[in-house]
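Please look over the sequence and the model before reading on.

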Amino acid sequence: MNSSAPTKLSPRPALGFSHASRPVPKTVSEFWTSRQRQGHSLHEISYRACFKPQLPEYFISRLTNSGDLVADPFLGRGTTPLQAHLMGRRAAGSDINPLCIMLTRPRFAPPPLDAVKERLHEILGMEPREQSPSSTVDSTVAGVSDEGASPDRDNLLAFYHPETLTYLLMLREWFISRDQQGSFDGIDDWLRMICLNRLSGHSPGFFSVRTMPPNQAVSAESQRRINESNGLQPEPKDVVEIVMKKSRSLLRSGYSGAHRLPFEESLPAPILRTTSASDLNYLGDSSTDLIVTSPPFLNIVDYRKDNWLRCWFAGINADELNVSGHSSVTEWCSFIRDAFVEMCRVVKDGGYIAFEVGEVRKGEVQLEDEVLRAVEDLPLVLDSVLINQQEFTKTSNLWGIRNNRGGTNTNRVVLFRRAD
Ligand SMILES: C[S@@+](CC[C@H](N)C(=O)[O-])C[C@H]1O[C@@H](n2cnc3c(N)ncnc32)[C@H](O)[C@@H]1O
């Protein structure tokens with residue numbers, strides 16, 4: 001990624017936002033490009049409503065220096081901390097869903113690919129063992145428990161050929177028992193992330209029959225309907241080849257096969273936690289130089305539902321996740337205000353918060369204005385509201401359902417400077 005010498009932003013005078021001064025000025029431009037391929041390949045793990053790496057890159061390059069701490073309290077797939085790390089900054093992040101650490105952490109320390117292949121053969125060469133759906137997982141990611149998380153086999157067979165399902169159950173059982181034994185290592189971490197990413201999707205490169213994109217698992221019932229109306233049947237998949245192909249693809253932007261990425265040597269490991277954005281206890285007061293983040297946009301995305309298959313595989317009980325989703329703007333404002341109070345605690349005086357909100361309800365609700373209202377009394381200076389206008393390229397029309405329905409096609413970022 002080209003991060004060469006962007007102009008540093010110097011602190012601007014307060015725009016003095018208040019109800020009286022609204023509407024606030026908004027700058028509409030193509031601040032960062034929409035050409036996804038320009039990002040580092042390590043980012044290519046799909047996640048609902050993730051932002052492109054160019055968004056955090058834009059702010060990191062202009063507002064921080066090497067070694068500064070960059071954080072994201074609504075981590076998702078980890079775009080902000082990974083980009084920060086790739087740019088030589090210290091990285092931190094958290095999410096209410098433990099799945100997000102599983103998707104993020106392994107990409108900070110990719111293992112050698114021959115070790116990944118060897119481990120896969122070791123796991124799949126084993127005899128299938130009986131599943132123990134009620135066993136509790138003492139996971140390396142806090143908040144993981146297998147209780148009540150298992151869908152029945154018939155439902156899984158709507159997605160997978162019986163042979164593929166056997167392999168997936170072996171892999172799942174391996175990860176869970178390695179966790180219990182305390183022997184879960186970086187190779188397991190990488191493998192689990194790739195498997196989570198390949199569970200279901202819309203092309204042959206996934207373990208499932210053809211379905212919706214990987215960040216949006218449909219219910220087993222919907223999948224049966226999709227199969228019936230399209231004459232589809234799950235076919236056996238080459239699990240090893242699919243995993244290795246995705247591993248190679250993730251590493252194609254620059255990875256020499258060594259254990260550590262070159263820039264990692266001088267950087268501490270990222271701090272990644274499962275916690276609510278209103279309780280960032282892993283970050284000290286005035287410790288953070290920049291936050292680049294995006295919360296759930298009202299209740300546009302149901303992160304519990306969309307991630308049910310991934311949560312099952314990971315041993316997370318999706319029903320117990322306290323993922324926020326608010327249909328009322330007032331409730332949403334109160335939720336993000338709590339997060340802002342905590343962000344104000346951890347961000348240094350003179351540090352920045354770039355808060356991205358999507359375009360929702362066809363532009364009827366301008367969440368950026370609501371953000372301004374919600375944080376009016378906090379020690380923040382409004383720097384700018386940036387609307388990134390981008391070509392909307394991704395419209396997959398599958399099974400007559402438009403993938404971008406009710407979705408987001410502009411990035412709207414409110415940039416604040418922390419000031420006492
Ligand atoms: C828009 S996504 C973030 C996507 C992220 N920027 C990326 O690039 O992947 C919002 C995230 O907020 C998380 N979330 C929902 N409620 C939360 C809460 N109360 N505290 C922390 N995270 C929460 C969801 O699990 C989801 O991963």
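Leaving aside its neighbours within four places in sequence, which residues is Y160 in contact with? Y160 is in contact with L165, L168, L199, S200, F207, S208, P234 and L309, when neighbours within four places in sequence are left aside; contact means heavy atoms within 4.5 Å.

## Basis of the report

The model is predicted: local features need pLDDT of at least 70 and side-chain atom pairs count only at pLDDT 80 or more, while totals for chains, interfaces and linings use all residues. Residues are numbered from 1 along each chain as its sequence is written, and side-chain values use heavy atoms, with hydrogens and water left out.

## The chain as a whole

The chain has 13 helices and 10 strands. These elements are DSSP runs numbered from the N terminus, with helices (H or I) of at least four residues and strands (E) of at least two. Among contacts with a separation of 6 or more, 80% join residues 24 or more positions apart.

Of the 420 residues in the chain, 57% are buried. Buried means under 20% relative accessible area, exposed over 50%, and partly exposed in between, computed with a 1.4 Å probe and protein chains only. The chain exposes about 17,600 Å², of which carbon and sulfur atoms supply 47%; accessible areas come from the Shrake-Rupley method with a 1.4 Å probe, and for residues only the protein chains shown count as cover.

## Nonpolar cores

The largest nonpolar core has 81 residues, of which F59, Y160, L171, F207, L309 and F313 touch the most other members. Such a core is a set of buried Ala, Val, Leu, Ile, Met, Phe, Trp, Tyr and Cys residues joined through side-chain atoms within 4.5 Å. A second, separate core has 38 residues, including L69, I291, A339 and V357. In soluble globular proteins, nonpolar side chains tend to be buried together.

## The ligand and its surroundings

The shell around the ligand has 23 residues, and Y47, R77, T79, D95 and A277 come nearest; a residue counts as near if one of its heavy atoms lies within 4 Å. The shell divides into 15 nonpolar, six polar and two charged residues. In this division Ala, Val, Leu, Ile, Met, Phe, Trp, Tyr, Cys and Pro count as nonpolar, Asp, Glu, Lys and Arg as charged, and the others, Gly among them, as polar.

An N or O atom in the side chain of T79 is 2.6 Å from an oxygen atom of the ligand, and a polar side-chain atom of D95 lies 2.7 Å from a ligand oxygen atom. The side chain of S294 has an N or O atom 3.4 Å from a nitrogen atom of the ligand. The protein covers 99% of the 610 Å² of accessible area that the ligand has on its own.

M193 lies in helix 7 (residues 186–198). M193 counts as buried because its relative accessible area is 0%. Beyond residues up to four places away in sequence, M193 touches I45, M102, L103, P106, R107 and L250. M193 and A314 are 121 residues apart in sequence, yet 9.3 Å apart in space, C-alpha to C-alpha.

N388 belongs to strand 7 (residues 380–389) and is buried, at 0% relative accessibility. The side chain of N388 reaches the backbone nitrogen of W32 at 3.1 Å. S287 is found in the loop between strand 4 (271–274) and strand 5 (288–293), where the side chain of S287 reaches the backbone oxygen of G284 at 2.7 Å.

Terms used
Polar contact = N/O pair within 3.5 Å; in protein donor to acceptor, adjacent residues only side chain to side chain.
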